[in-house]
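Subject: Structure for your files

Hello,

Here is the structure we spoke about, followed by notes on what was found in it. Please read the notes with the structure open.

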Protein chains: 2
Amino acid sequence: MIPSPAVSGPLTIRYLSRADVEAAGVTIGEVIDAVQTGFLEKGNGRVEMPPKPGVHPGEGDNFIHAMPASIPGLDAVGIKWISGYPGNQARGLPYITGLLILNDPATGVPISVMDATWITGVRTAAASAVSARHLARPESSVLAILACGVQGTFHVDALRAVLPTLTTIRAYDPDPGRVAAFAAGVHSRHGIDVTIARDAEAAVRGADVIVTSGPILRTPHASIKAGWMAPGAFASAVDFDSYWDRAALRELDLFTTDDVPQLEHFREMGYFASIPPIHADLGQLVAGSRPGRTTADQRTMACNLGLALDDIAVAPLVLRAAEAKGLGTILPL
Amino acid sequence: MIPSPAVSGPLTIRYLSRADVEAAGVTIGEVIDAVQTGFLEKGNGRVEMPPKPGVHPGEGDNFIHAMPASIPGLDAVGIKWISGYPGNQARGLPYITGLLILNDPATGVPISVMDATWITGVRTAAASAVSARHLARPESSVLAILACGVQGTFHVDALRAVLPTLTTIRAYDPDPGRVAAFAAGVHSRHGIDVTIARDAEAAVRGADVIVTSGPILRTPHASIKAGWMAPGAFASAVDFDSYWDRAALRELDLFTTDDVPQLEHFREMGYFASIPPIHADLGQLVAGSRPGRTTADQRTMACNLGLALDDIAVAPLVLRAAEAKGLGTILPL
C-alpha cells in the first residue's frame, strides 16, 4: 500500500539572496519567453494586476512600490516590494533595493522570498525584447545604447537574443568610465567591439534599434532631436521620454507602451507632457489583437514603464532553477 | 581617534518565523500603545497608506492583499502581504498566511521579513482595545465574546489590558470544543472562570463589552437582535456586521470604523448593506478631533476592518525585541 502524502508538514519558504538569484542561472532567453507569455496572458485578459500603490518616506523622490500580480496561466502569484532612493548612491548603497514574495496559487501560502534587483533589471530588458519582436525590423543590424548602466548592459543581451543580426553596437554615455566598462562587458559576453559614440546624435543616426536608459526625469533633457531617427528604426525608451525631444517623438509612426492606464497615471503625475497617440499596448501586440510594424519604414517606439506581471512571470523560473541547484536558505514559515 | 562607522557593509535582513515572532515576547500592552500611536499619526494626517490592492487566485473567496504603510512618527515603513483561502482548513493548512517586510525609512533597504500571522491577530484586538478606550464605559465589567477562535482569545487579553474591570467573561460559540478550549485558555492566562452562554442572546444581554469575531459574511447571519444590547454597552464588530441584525444596528448611538474610505469600499463590494451613519474614524477619536462616548447610556460600536498601519506600527516592536533576544535568521540581501 502506498502511503498517502502528508497534507501538510511544517511550512517552509526558500529565501534567495541576490547572489542566489544570479547563481540560479536563468538565461535571458528564458526570461524573454516568460515575459512574453505574461503579456500574452495580459492581452487575453487573464492577468490580475491591481494598480501599484506606493509610499514615499522621507524627502524628495524616494519611493517604495507594491507590485502584486496573479498570472494563472503561469501558475504564478506574488508581489514585488521595491524601493528607489536617489540619495542612496551617495551613501554607498544601491539606488534600487527590494524583495519579491511568491505564493502557492492553490493555497496562498508564501513559498519563496527573493531579492528583486536582478529580476527588476533583466525583466525590463526582456520587455523591450518582446516589443522588438513586434516593432523592430527583423534584419536590424545597428544597435545604439544611450546611457550605459545596468539597463544598457541587460538590453544588449536581451535584444541580441531576439535580433541576432544586431552585430554593430554603438554606445553613448556622458560618463567615459561607464561606457568603457560597458564596452568591455559587451566584448567579453558577445565578442563584439563596441563603437563609442561622441554624442547622442552619432549614436542615433542610422541605428536600427535605439535604447535610451538614462535617469528618469519629469522634464526630459530631450537630447534626441527630430531628423536623427532613421525610417524603419525601433526605439525602446526605458527612461520614459527623458531622452526625446517633442519634435522627434512626433516623427514616430507607432508609439506603444506596456499598460495604457499606467502611462495615463504617470501623465497625471506630470510625466509625458507630449507623446504621440498610443497605438497599442504590449499585451495587444503579443496576443495579436493589434498589429505591430506593418511596413519597413515605420518609426516605432516601445515606452514600457514596467509592470508587476514582468516580475511575477520571471520569479518562478528563478525559484525552480534555484530548487534544482539546491540554492538558497530553507526557512520555517 | 574614533573610527567612523562603515557606511555600508554587506546588506542583511533578519528573518523571523512565526515561532520567532511569538518568542520575541512583545506584550499586548506594547502592541496597544503602538497601534494607538499609529492612529494618532493617522488622525493628524501623518500616515501614508495607499488603498490595499488584492489579487484573487483560483476559485471563490481566495484573496491575497498588499497592505503598505509609512508611519514616519514611528520610524516605520513596510508592507504586509497576506492571504486568506477559505478552502485551506480542509487541506490542513491555515486560513490566513502571510509575510511582512520592514524597510529602513532612511534608505528604503529591506531590513526584515517576518511571518505576519501573529501580528495580524494581535493588532486586530489591539485596535478594538484602542476603540474601547474611547467608546466603552471605564467601569465595564461584563465581557461577551461571540465566536471563540483566535480573535476571541486575543480580544480578552487586549480588552482586559485597557479595561481591567472586565472580570466577568461570557463566551458563545456554536462549536462546543472551541468554546471549551477558549475557556481553558482564559482561565490559565487570567484566572477567570468563563461563563459559557447557551446562545448569542444569553451572551449579549447585560454585557458591557461585546465582541463578535466569527466568519465574515457578505450576507449577515444577523443573530443579535434589537433590544439585546444594553444601554451604555460597547461592541467591537471584528467580523464586519455579520452578527448584527439591521434593527439592532439602528439602536446604536455611535458607530465608528478605522478608516471611512475602506468601509465605503467594502460597501461598494456588497458588504454593510445597512449600517448607521459613521460618527468618527479611530484616528479622529485618538487625535481628539471627534469625541468618543459622551454619556453613560450611549450604545457604541467600533467596526474596524483592519489597516496596514496596524501591522506596520507593531512590526518594529517585534523586530527590536527579536534583535535584543538574538532571534531569527540573519540572511544576506
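**The sheet and its helices**

In chain A, strand β7 (residues 142–146) and strand β10 (residues 209–212) run parallel and are joined by four bridges. Helices (H or I, at least four residues) and strands (E, at least two) are DSSP runs, numbered from the N terminus, and two strands count as paired if DSSP finds at least two bridges between them. Leu143(A) has Val209(A) as its bridge partner in β10(A).

This is a predicted model, in which local features need pLDDT of at least 70 and side-chain atom pairs count only at pLDDT 80 or more, while totals for chains, interfaces and linings use all residues. Residues are numbered from 1 along each chain as its sequence is written, and chains are lettered from A and ligands numbered from 1 in the order in which they are written.

The two strands belong to an open sheet of eight strands in chain A, paired in parallel in the order β9-β8-β7-β10-β11-β14-β12-β13. Its edge strands, β9 (195–196) and β13 (280–281) of chain A, each pair on one side only. Helix α4 (residues 150–162) of chain A packs on the sheet and touches β7, β8 (168–172) and β10 of chain A; the direction of α4 makes about 160° with that of β7(A). Helix α5 (residues 176–190) of chain A also packs on the sheet, touching β8 and β9 of chain A, and its direction makes about 160° with that of β8(A). Contact here means C-beta atoms, placed from the backbone, within 7 Å; axes are lines fitted to C-alpha atoms, for helices over the stretch in contact, with angles from 0 to 180 degrees between N-to-C directions.

**β14 in chain B**

Strand β14 (residues 300–303) of chain B is covered on both faces: Thr300(B) and Ala302(B) on one side, and Met301(B) and Cys303(B) on the other, are all buried. A residue is buried with 20 or more other C-beta atoms within 10 Å of its own, exposed with 12 or fewer, and partly exposed in between. Three bridges join β14(B) to the parallel strand β11 (residues 234–237) of chain B, with Phe234(B) partnered by Thr300(B). Four bridges join β14(B) to strand β12 (residues 254–257) of chain B, also parallel, and there Phe255(B) has Met301(B) as its partner.

**Core and backbone**

The largest nonpolar core has 222 residues, of which Val209(A), Val318(A), Val209(B) and Val318(B) touch the most other members. Such a core is a set of buried Ala, Val, Leu, Ile, Met, Phe, Trp, Tyr and Cys residues joined through C-beta atoms within 7 Å. Leaving aside residues up to four places away in sequence, Val209(A) touches, among others, Leu143(A), Leu159(A) and Phe234(A).

Ala147(A), in the loop between β7 and α4 of chain A, is not a glycine but has a positive phi of about 90°. Ala147(A) is buried, with 24 other C-beta atoms within 10 Å.

**The two copies**

Chain A superposes on chain B by a rotation of 180° with 0.0 Å of shift along its axis (RMSD 0.0 Å), which is the relation of a two-fold axis. Ala66(A) comes closest to the axis of the residues of chain A, at 3.6 Å (C-alpha). The copies meet through the same surface, because 100% of the interface residues of chain A are also interface residues in chain B.

Regards

Note on methods
Two residues are in contact if their C-beta atoms, placed from the backbone, lie within 7 Å. Copies are superposed by least squares on the C-alpha atoms of residues with pLDDT of at least 70 in both.
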